[in-house]
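Visitor: Could you walk me through this structure slowly? I am new to this.
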Amino acid sequence: MSGATSSSPTAKPFAPETRVPGCLAVGGFTPLSTTDWPGKLAAVVFVQGCPWRCHYCHNPDLQARLVADTTRWHRVLDTLVQRVGLLDGVVFSGGEPTLDAALPHAMRQVRDLGFEVGLHTAGLYPDRLACCLPLVDWVALDVKTAFDDYEAVTAVRGSGEPVRHSLHRVLASAKPHELRTTWHPALLPDGALMRLADELAEAGAHTWMLQGYRPTPDTQAALGAGWQMPPAALVSRLARPGLTVQLRGT
């Protein structure tokens, strides 16, 4: 599979920011979503920056960590004030939101307005995630493949190990959560999918959401222009004691 490799400058991991600027580096904002937090009406804040280069990434424009417009987060807050009583919550997504040192402060500001807080994360920074978990009401953790196979998806060597730790922290937190995996046969072959099922079951996961690959203009040249959903025969082989597999995207 072509794409960035772990030795390329763009794919090299970088550390989360240690500065606390007080203003989140906002890369985008959706005032209303009915799909980013199941069962909730939510606004979505997209945070800049991600060191991974996943081949099916839907938000490649958010991978770069740019100089933040310090007024943008304040404009988001102004909009949220006007939606108090109309929305259930605010989801922080990305990019990888836990990259930003201002995320816990932003979550507290949102909670102070009376909103519930959701988080989409790929689990890159388990310690940062642990700091955020007490502030969230729901977290969606992307588990991309079996932990030893992560480089095939992210183009970054060793990227599965922090996600293993993040998974255990999410499960130990007892917070409502969704563990989800995007399936494409070229990136997640049957063997890797089976190993992931074993790893999730061994970690104590109860529900696992498989979602189909959805093509975008940036991904269809390499991964195809059609939806990809795991065949029923493959899904039936994923059954593990205590682990329920669900499908999204059919």
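This is a predicted model: local features need pLDDT of at least 70, side-chain atom pairs count only at pLDDT 80 or more; totals for chains, interfaces and linings use all residues.

Visitor: Okay, which residues of α1 are buried?

Guide: In helix α1, residues 72-82, the buried ones are Trp 73, Val 76, Leu 77 and Leu 80, where buried means under 20% relative accessible area, exposed over 50% and partly exposed in between, with a 1.4 Å probe and protein chains only. Helices (H or I, at least four residues) and strands (E, at least two) are DSSP runs, numbered from the N terminus.

Visitor: And where do they sit around the axis?

Guide: They cover an arc of only 100 degrees around the axis, which puts them on the same side of α1; the arc is that of the directions from the helix axis to the C-beta atoms.

Visitor: What covers them?

Guide: The cover includes β1 (26-33), β2 (42-47), β3 (89-94) and α2 (103-112).

Visitor: New topic: how many aromatic pairs are there?

Guide: A search of the whole structure gives four, with rings of Phe, Tyr and Trp (its six-membered ring) pairing if their centres lie within 6.5 Å, and planes under 30 degrees apart counting as stacked, over 60 as edge-to-face and the rest as tilted. One of them is Trp 37 with Trp 138, whose ring centres are 5.5 Å apart and whose planes are at 15 degrees, so this pair is stacked.

Visitor: Why does that pair tie together parts apart in sequence?

Guide: Trp 37 lies in the loop between β1 and β2, whereas Trp 138 is in strand β5 (residues 138-142), so the pair ties together parts that are 101 residues apart in sequence. Trp 37 is buried at 4% relative accessibility, and Trp 138 is buried at 8%.

Visitor: Which residues form an aromatic cluster?

Guide: Trp 52, Phe 147 and Tyr 150 form one.

Visitor: Last one: what about Glu 199, is it buried or exposed?

Guide: Glu 199, in helix α6 (residues 190-203), is buried yet has no salt bridge, and the nearest side chain of opposite charge, Arg 164, is 4.5 Å away. A salt bridge is a side-chain nitrogen of Lys or Arg within 4 Å of a carboxyl oxygen of Asp or Glu; Lys and Arg count as positive and Asp and Glu as negative, while His and the chain ends are not counted.

Terms used: Residues are numbered from 1 along each chain as its sequence is written. Side-chain values use heavy atoms; hydrogens and water are left out. Contact means heavy atoms within 4.5 Å.
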